[in-house]
Every structure is written in C-alpha cells, then in structure tokens.
Amino acid sequence: MSENDQTSADQPGEDERASGGATEAAGRAGEPAGTAAAGSPGSAEEAEGQEHSRPHRVIGTPSPTAARTLLDPAAGNGGPGQGAIESGDPARAKRAERIVAFFFLLSALASIGFIAAYIGMPVHSMSRVFHSNLALGSAMTVGFLSMAFGAVIWVRRLMPDVEMSEPRKPVASTPEDRQAFQQTFMEGGEDSGFIKRPLVRRTLIAATVPLALAPVVLLRDMGPLPGTTLRHTVWRKGMRLLVFGSNRPMKPEEFDSPGGLITMVPDGYQDNDDELAKAAVILIKFEPGQLQPPTVMDWTVQNIVAYSKICTHVGCPVALYEQTTHHILCPCHQSTFNAPRGATVIFGPAPRPLPQLPLTTDAEGYLVAAGDFTEPVGPSFWERG
Amino acid sequence: MSSQDGQAVPPKALTGLGGFLDDRFRGARGVRTFFKKIFPDHWTFLLGEIALYSFIILLLTGTFLALFFKPSMTDVIYHGTYTRLDGVRMSEAYASTLNISFDVRGGLLMRQIHHWAADLFMAAIFAHMLRIFFTGAYRKPRDVNWLIGIVLLTLGMLEGLFGYSLPDDLLSGTGLRILEGVILGIPIVGTYLSFFLFGGQFPGNDIIPRLYVIHVLLIPGLILGLIAAHLFIMFHQKHTQMPGKGRTEKNVVGAPMYPYFMAKTGAFFFFVFGVLALLSTVAQINPIWLYGPYNPVSISAGSQPDFYMGFLEGTLRISPSWTWDLAGHTVAWNVLFPALVPLGLLLTGAALWPFIERWATGDYAEHNVNDRPRNAPTRTAIGVAAVAFYSIMLLEGANDLIADHLDIPLYTITWIARFAVFLGPALAYFLTKRICLGLQRKDRDLLEHGLETGIIRQMPDGEFVEIHRPVSEEKRAVLLSKKEPVALPAPGAADENDIPAPATRGLAGKLRATANRVITESVPLTGGNGHGNGHGNGHGGSHGDEAERAAVGAPHSPVADGDVAAPGTVARDNGQQSGDAGS
C-alpha cells in the first residue's frame, strides 16, 4: 500500500474514529521539521500527550514521529500528521522491499539446504558427524538469521515509524467495585451457611489436613531406610585389593612407582557402583621413615598405606596427588590431605582425615584388607556421630 | 486490499474466517484492543524476551531429544560409533546420549542447541532480573510478578542441574555426588532424603529416571504455568516505560502490538534461535564423550558445573571445615552453611526488597515509569553489592582454573575470596552510592547550566566564558523524571513539645527512620544549596515541590484517574520545571 493514499492521518481524531481507526501512514517527506525538539515551550506542551519524539534526536533533523490514529482519539491520540515511512522516497522503499525479499528467499534456500544436508550427509563416524553438524547448523543459522534480518529491515524500513500513547489507569478497582464485591462475597458466605454453621466449616478445614498428608505417605517407598548402610563398606578381612581398571590383585613389591597413587577396588565388587562409591581406596607408597603418626603403622605394608578415596567433604574421589609435598587434593573443592600423616586435613572444607584401610598380605603375598574401615567413610551425615 | 466507502476491509477469505470465529467467540472488540495495545520500547525490555524464547527453544529441542534418549541406568557394554569407548561398561542413558550425538542426524546439533539455550535462558533471566531491579520496575503493582520471577529463576537452576545430569557422564555424575553429599548434610532427615531420592545408596539405579521425569514434566510444567502468569500479569498491568518526554505514570508510550510489536518480537525469536544455532554449529558444548561414563571412583581435574551453578560451587569451596558433634550427631556446617545461606540470602533478600523499600521510604504509590539507577542510589548500591557478592563466589567456583591459567597459588585465591566476599560487596556498595550521587550532581548541573558547547567567547572586559546550551527537551524530560524521596521523621526527632514522632518510636520505628535516612540520600535536582553539598540534605528540606512529595508519599492513591492525555497529566513535569526556573 502506498502511504500517499492514506494521508487522512492528518485529520483530527474524531474523523479517524468514524473511519474505524484504521492504521494510517503519512509520508514524512515535505512535512515541516518537528515541533518536538527545539520548539518553544508552548508548542512542546501542545505536542505533549499527542505525539512523542524519539530520544536523542539531533536538533534540526526531521521529526521521526508520525501522527498515529490507531488508538482511540478520545484518549488523546491522533493529531497533526508527521512523516512516516523512511524518507517517503519510493525508490528507497522499493530497495528496502527487495532487501527484505532477498533475506526471506535466502532463508528459504537455507532451509532447503538443511533438508538436503540431512538427506545427503550420513553420520555414524566422528568426522562425518562433525561435518553433518557443521552443514546442518550453518543452514539452520542462515535460515533463522535471514528471517530475523528480513523481518527487522521490514519493520524499520517499510513500516511507518510510530510512537503512540495509551492511557493507563490505576490497577486497583474503584471503591464502589470493591464494596460491591465485598457485599457479593458476604452474601455468598451467608447463603452457603459457611459462616453460621461452624460445624461444617471446622470439619471441612480439619478434613483437608489428612487429605494433604495422604499423598506424602506415598513417597515412602521411593527408597529403603538408611539403617547403618553408610557406616560400613564391603571390605572384609582377607579381601583382595584389585587395581582399578585392570582388576588385577597386586603384591606390595609390585608397587614400583613410589610417589605415585593407585586406585584400588574390592575384589568381587569392581563393577558395583553402589559399593565402589564407598569402598574405593587409594594406595600410596612412601620411602622408609616418611610415614608419621597419626597414620596407623600396623595397617601399612612395606610403607604402603591405603586411604579411602571418598572425600570427607561431599564425596568426590580424591584423585590428585602432589609427589613433592605428599598432598592429596580433591579436585572438586580442593580439600587437601597430608598423606604421610594419616591424611589429616591441611586446607579446604573437608572436616576429617580420609579414613585409613587396614592392610596386610595374604598367603600368596597379595595385598588384602585386614578388615573394614573403623569409621564411616565419605561425607558427614546426621547419624554419623 | 479492497475498499468500500473508503473503509479498508480484509480479503474475503479472511473476512469469512473472522466471521466464523467471531460468530463463536465474539472477538472483534477484544482482539482489536489486543492489536492496539501499546508496547513501550527499550533495548533492555528484550532481555525477558530472550529468556522466553530460549524456553520455547528448550521445549522444542528437548522434545526432539526425548524421542531418542533412554533414561535408564541399566548397564550396557558400548559397541558404537565412538570407538574409543568400545567395550566400556556404561549406563543406557549415557549410551543413548552417545547415539543421539553420533548416530542420529542432527542429534548433536539439537543437543548442543538445547544446552546452549539452557545457558542462555539462565543468563537472560539474570540480566532481566538485574534490569528490573536497577530500574525499580519491581515496585507496586509489579511486586508479585517480581516474586514469580524469583521462583522462575530458582526453578530454572534446578531444571538446568537435573537436565545436564541426565546423560550420566563423569562430569554430571560428580555433580550428583556433590548433591548427595549436600543432602546428607541436612540435619535429622538428610540421610533419609538421600536414600529416598536415590532409591537407596548413591548412585543406585533410580536417580536418572527420576530426574528425567522431573526434568521433562514437573519443572517445565511449573515453569510454563508461571511464565504464563508472569506474561499475563505484565500484559494486564501494562509494561513499565523508561522516563522520557511525554511519558508519565498515567500513560504508556510506544508502538502498538499489531503490526509493530508482533513483527519485531517475531524477528527477535528468529534472532535468538539463529544465534543459538550459530553457537551450536561452531562452539562445542558439553562433549560428554570426552568425559566418559560416570563411575564413582573416577574424576577429572578442573570439573566445573554450568555457570548458573558456579555460585554454589564457589560457596562450597570457600567454606571452612566447621562441623559440630551434637550429642552424638554430626552437624555439617561446612556443607549446610555454604549450600543454603548465601543463595538463600540473595533470593530471600531479592524477594523481600520491594517490601523493605516500601516500608523504609513510605512510598506506597503505583510506579509505571522506571527509575534511572542513579536516582535510587541505595537500591543501586545494594544491587551492585549483590552482583559483586555473586561474582566473587562464581570466580571462586573456578579457583582451580584461575590458579592454573594465571599461575596464582590455589590457596591464595581461596583466601582472597574469603576476605573479598565481605569486603567486595561493601566496597561496591560504597563506590556505587558515591557514583550515583555524583551522577545526580551532574544531572543537576546539566539542568542548571546546560551542555558545554566548547565555544569560547571573549567578553568585552576580556573575560573568556564557555557558552552553554540548554539540554534538549527529551534529555530534560529524562533528567526531570527523578522523584525526590520522601523523608520520614529523623530517628529520635521530636516536635516542639519534645515528644518523639510516633513513627520513630520503638525499635521498629528507629530502624525504619534509620533505613529511611540511608535510602533517601539524594542530591535534589533543584535547590539552593549551591554546588557540591548536595547529598544528605534531600530529606525534609525546603526544595522539591510539595505536590511531588504528596504524589510519591500518599499511600493507596497512586495516580489520580484515567484522564490521561489531557494537559493536566504533565502537571508534575510542569511543576518541576517551574520550580527549576525559579531557582
């Protein structure tokens, strides 16, 4: 539609209302520079409530405002028409139209490209997956962004630049409405007998409590009660320690990397995540004389000590070991334990040392547990004591 | 478009459809009102839209992922496209996530868009919330919508945490382990809660399917319902607007819904989706195949949660190792305190703030024009302090990465954070408040003297002066949007009979009077105090016109009535202008 057909926006509001309040656009070309910016206070005040200039407009440039009459003129909208569509130059508008159309067509092409890439590019191998992702993603990006650019240019270049005002009433109801509501509410209360029959009222309220409690009970079977599960692990006297990963037992003399840290799991439970979450231990081998109390020396074998791998903070596996300082570090929250001195805490939020697992060797010379941990492993819990 | 008697009518097909619908639903008037509804425009108003569109994209991509994802913890041995994990024991959830990534065409793209959209959703919520806070858009009548927003933020965090835990990879499994540790720390019921949630010991076989149903049904349903309420309330109350020429408490200035807002917001949806697609094309996110399947024995160094959980990670890391032994029971303050208190403080503080501010300022009026942050120095300062607090914790949550990349000792960073968490917000508060008051002084200077033009003129007596130009009408309207706060009687203030004002009596009265002193610190726009001595005497003084005061302070009478466009609506501005002229 051409903006020149629609200059009825210049007419006063009442006419506009009669014509159904259709959107009207007026060309900006030829309109005098706006009264908004540099006009006398009087003229600015006149414009007040009728039209509003955009912020930060440079003085002397044409007003970007357009007289809009879409809203109810009685509400104070409408007024003298201002320019609207970008400079009113048909050639520029035509060019903008072509740009918008270009983007929409580009989007269509990209979407077709997306379908083509979907059909033409198989996956099932790493490199093909990444190529497919690149092709599908690029097509999708172009498809969406072209739609966005097209629509934005459409709004900014082809639609009239409008700013309109609409009245805003206080949110609260009028006192009369409130009063009427209160009356209705009380009448309903009277009619229902809710007020004058306390027995009904009180039993109704009383009934809601068990009604709400009943479904909560249903949640009880979500899990077993904890009992003493958290106090014990599967370690038993004579249970072999297996190297995590290879699942092979180990003799003390095979620990040929002093300064290293090996993760061990209980024999028979190497695939049991529930038990591993408590029972995993780390082995560290020291030079003779390095181990100090409070490490329990009787629980070590040839200067090899086993500590729980489960951090006493919130249960992350303590997996980092600094050889020079003999510090065990939890990667989650940096609780730091002093390995040669019973894994006591030297930094971080962990409240307790890592529990030590009693070690010994069996008849074949393999490392085995001499019993379970003597205290619960892992994070604090209420019943831990 | 055809025309009858000069009136435009839509094409016949549309008229027919419209008639069909109107015969059944009577929408001509209602939909027309909807079409003509005015939406104010400002770039910050798009932040909430980003969150909304991210959520829609999350629903779309999430539905796609749910077609292929198997929320099961049954052990399988993997023999698939990703040969490096060939023969590895893993849960079905992890294996199906690998399949989505490598064997479903577009699956990797959808996974990455879903994850990026979740991050964008949370980032947009944070940014939106800060905009609302700093411009005072949460004030009456929008305080309830502010509370809904806070609930949405909390639900978004949970939804994200549960969502990224679903693939059962090593990184997210470690996150669940931490969650278990925190739940165990809850006094009395913690152990039971943990056993009920995980169906027994950690990790058990139930947690993934349970998180799945919460993630795809329960929380999205709640979020959807609350978003609907959030938008309906916004729509019903009409959007706030930024201060400017012709913008008053009793009008709303902007472009109508149809066609402008519809076209713009539609474009914006495509823009958000396009940017997310671009990110997911070029920026890998959550490559779970590199992390490996979860097992409770392994961990990778430098484990980081998604950014919106980083705050909690930081509070856990900063905490000292306090625990209590309480009559044979363990109270894990080292876990409880950091997990609950800092976040609780932020969320509860945010929820209560609108009501604290009302109580302290005595400003019970309805507000539809946003504040400029500088014009509410105490609020702005508190907001910046909260941002500082949050940011320090977020950085502390990445202390190992910072230590690694910047070569700073790890413990040093934690120790700095332990002090910075108290000093940082205090410093931020102080600086922000001073900056705000300084900007207020600059505003007054602009109003009184205008802009420096850079043109120097020599006077007949040889003096050089710079020519100042009055600020534009638009700028002037923005400057004049400032409302001088109402001062309550000072603490201990007494009338001529030495009787303390009733409002300041008692502990609550004294507290309120003190809060009022702090919150109403202001540099009046107009006033005879001369320059440089503005702050601190805004209250109770002689400047600022009484009408303004009454308008701000009067309880329950926000705006006079709906008669808006009449010249009377700008009476406030005029009043201030005349006051200004008189000074």
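Author: Let us begin with Asp41(B), which has a relative accessible area of 41%. This is a predicted model, in which local features need pLDDT of at least 70, side-chain atom pairs count only at pLDDT 80 or more, and totals for chains, interfaces and linings use all residues. Residues are numbered from 1 along each chain as its sequence is written, chains are lettered from A and ligands numbered from 1 in the order in which they are written, and side-chain values use heavy atoms, with hydrogens and water left out.

Reader: Why is Asp41(B) called partly exposed?

Author: Buried means under 20% relative accessible area and exposed over 50%, with partly exposed in between (1.4 Å probe, protein chains only). Because 41% lies between those cut-offs, Asp41(B) counts as partly exposed.

Reader: What makes Asp41(B) and Lys264(B) a salt bridge?

Author: A salt bridge is a side-chain nitrogen of Lys or Arg within 4 Å of a carboxyl oxygen of Asp or Glu. The closest N and O atoms of this pair are 3.2 Å apart, so the pair meets the definition.

Reader: How do you know that Lys483(B) is buried or exposed?

Author: Its relative accessible area is 16%, and because this is under 20%, Lys483(B) is buried. Glu249(B), at 11%, is buried as well, and the two form a salt bridge with their closest N and O atoms 2.5 Å apart.

Reader: What makes Leu340(B) buried or exposed?

Author: Leu340(B) has 52% relative accessibility, and since that is over 50%, Leu340(B) counts as exposed.
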